[in-house]
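Good morning, and thank you for the time on the agenda. I would like to take the group through one model, element by element.

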Amino acid sequence: MQRYNILWADDEIDLLKPHIIFLQQRGYDITPVNNGSDAVELSESKHFDLVFLDEHMPGMSGLEALTLIKNGKPNLPVVMITKNEEEQIMEEAIGAKIDDYLIKPLNPSQILLSVKKILDNKRLVIEKTNLSYQQEFRNISMSFLDDLDHEKWAEVYKKLVFWELQLDEGDNKDMAEVLEMQKVEANTNFCRFVKRNYESWLNDPNAAKPLLSHQVFKKKVFPEIKKEIPTFVFVVDNLRYDQWKVLKPIIEEFYNVEKEESYYSIIPTTTAYSRNALFSGMMPSEMAKTHPDLWVGDDEDDAKNNFEDEFLTRQIRRNNLNIKHSYHKIKKTEEGRDLVNSVNNLFDNDLNVIVYNFVDMLSHARTDMAMIRELAPDESAYRSLTQSWFMHSPLLDILKKIAEKKVKLIITTDHGTIRVKRPFKIIGDRNVNTNLRYKQGKNLNYDGNKVLECPKPERFFLPKSNVSTSYVFALEDQFFAYPNNYNYYVNFYKDTFQHGGVSLEEMVIPLIFLTSKNA
């Protein structure tokens, strides 16, 4: 067990000998001094894990010593001890970033609790977290043997995310590896579930099915619109459920989370298909048929998401909604800053939809830029990078501005993303699309059945560029690679974040309902 060094400064230090012995018997090494000057000098010259500082000492006071100690070692934990319960003294000490505050007369349990809270808290939390996950591990693994429906699968994924974030806070690599293996097992079983059920979700009116991309606005967004309160919908592209969880505490400073739901992205889990389905309220083949002036297929070189605002307008019209709405897409930081400055113009609208593309840019940048690859080498770092960006982004500034008024806020996305690790060889002609997680074309060749095959695109409500077009979707953490230049392809794309295929991370995505705290 690690021994900790504690510096204890008190002008009546001799009277505290029983407390010092009490701590020494429990494995703590105590260095006693009887004035603030010695405490400051020792804190600079030696290593201590914690300082006990009496507030009222002759000569240099505890508060003066505290300031000097913190100037030299800002991260050194300090516990202030005092006979004085005046609010001003407490506020001054707290403002100087003390870690705890004890009132004399002291008792041994009070001191030990403070020490453990500061020094042993992380270890105790890690041990408790590991034990709790070990107990939950069996329950999650056993659930894979059941015939889970779409709701239960969403619950399993959210549980895995919960434990992933809990273990993130600790330093137990072994337990994190166990969780990673369980996530792999979960995705294997989830992909089998999707292979069995996806087609029936789209074609059988009696099938038990999740909320899908094309149903979100009609079933979830439009019912939220009230004339007296503006509704804002933020579609943060590529936002996974775990990323929402790390952004949530920041957003909760300004908003109350009313409901935390999820929905399933259609496949392909790409912007061109799932986000267009979100805004049009239609599946891709229906868009291609009903809105040929707006739909851009894989066989065309044009940008595939230039008409989201018109898709949204037509969906609103189709649902006979007499509302005033706006649509904004933020692709660059400058566009975000511009919207911060003009956000007051949006409060007269019933519905405001804002697409924010940064998370998508981040995931693709991670593929293309060596620096980003180094910044986000794994899931935990990817979450941390997303959180860091968000805290300094125009997106947060926009959310803060909106929170000043009484509003409803919905935060969602169009699909998630997964870190790909295993290449899967596929052969196609030059007309096959470039996405690493799905392929569509007329001459697709591959070995094995470890993919989701769609030989009849009409059953998946996907458009066909010609009679023999078929689709193939990567499962779990696979990515498609061509045999020519195979090694280059694998080295370049392995361990990058991609989307378009079938996995929990790509398909089960957040749908969050909030109200401003001013409401």
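I shall begin with the basis of the values, then turn to the sheets, a helix pair and the cysteines.

This is a predicted model, in which local features need pLDDT of at least 70 and side-chain atom pairs count only at pLDDT 80 or more, whereas totals for chains, interfaces and linings use all residues. Residues are numbered from 1 along each chain as its sequence is written, and side-chain values use heavy atoms, with hydrogens and water left out.

Let me start with the N-terminal elements. Helices (H or I, at least four residues) and strands (E, at least two) are DSSP runs, numbered from the N terminus. Two strands are taken to pair if DSSP finds at least two bridges between them. With those terms, 5 strands form an open sheet in the order 2-1-3-4-5, with parallel pairing. Its edges are strand 2 (28-33) and strand 5 (100-103), each of which pairs on one side only. From one strand to the next, the twist averages 20°; for such values, axes are lines fitted to C-alpha atoms, for helices over the stretch in contact, and angles run from 0 to 180 degrees between N-to-C directions. Helix 1 (residues 17-25) packs on this sheet and touches strand 1, strand 2 and strand 3, contact meaning heavy atoms within 4.5 Å. The direction of helix 1 makes about 155° with that of strand 2. Within the sheet, strand 1 (residues 4-9) runs parallel to strand 3 (residues 50-54), and 4 bridges join them. Ile6 stands opposite Leu50 of strand 3.

I turn now to strand 9. How many of the residues of strand 9 (residues 351-356) are buried? The count is 6 of 6, where buried means under 20% relative accessible area, exposed over 50%, and partly exposed in between, with a 1.4 Å probe and protein chains only. In a regular strand the side chains alternate between the two faces of the sheet. Here both faces are covered: Leu351, Val353 and Val355 are buried on one side, and Asn352, Ile354 and Tyr356 on the other.

Strand 9 has parallel partners. Strand 6 (residues 231-236) pairs with strand 9 over 6 bridges, and Phe232 has Asn352 as its bridge partner. Strand 8 also pairs with strand 9 in the parallel sense, over 6 bridges, with Lys329 opposite Val355.

Ser326 counts as buried because its relative accessible area is 11%. Its side chain makes a polar contact of 2.6 Å with the side chain of Asn352. A polar contact is a pair of N or O atoms within 3.5 Å; within protein, one must be able to donate a hydrogen and the other to accept it, and residues adjacent in sequence count only if both atoms are side-chain atoms. Leaving aside residues up to four places away in sequence, Ser326 touches Leu346, Asn349, Leu351, Asn352 and Val353.

Next, the helix pair. Two packed helices are described by the angle between their axes and the distance between the axes. Helix 10 (residues 271-280) and helix 12 (residues 308-318) pack at about 35°, with their axes 7 Å apart. Helix 10 contributes Arg275, Asn276, Leu278, Phe279 and Ser280, and helix 12 contributes Glu308, Phe311, Leu312, Gln315 and Arg318. The buried residues in helix 12 are Glu308, Phe311, Leu312, Arg314, Gln315 and Ile316. They pack against helix 8 (216-221), helix 10, helix 11 (284-290), strand 8 and strand 9. After helix 12 comes Asn320, with a positive phi near 55°.

A further open sheet has 3 strands in the order 13-15-14, with antiparallel pairing. Strand 13 (438-441) and strand 14 (451-454) are its edges, each pairing on one side only. Strand 14 and strand 15 (residues 470-474) are joined by 4 bridges, and Val451 has Ala474 as its bridge partner.

Finally, the cysteines. How many disulfides does the structure hold? The number is 0, a disulfide being a pair of cysteine sulfur atoms within 2.5 Å. For Cys191, the nearest cysteine sulfur is that of Cys454, 16 Å away. Cys191 counts as buried because its relative accessibility is 1%. Cys454 likewise counts as buried, at 3% relative accessibility.

Thank you; I welcome discussion.
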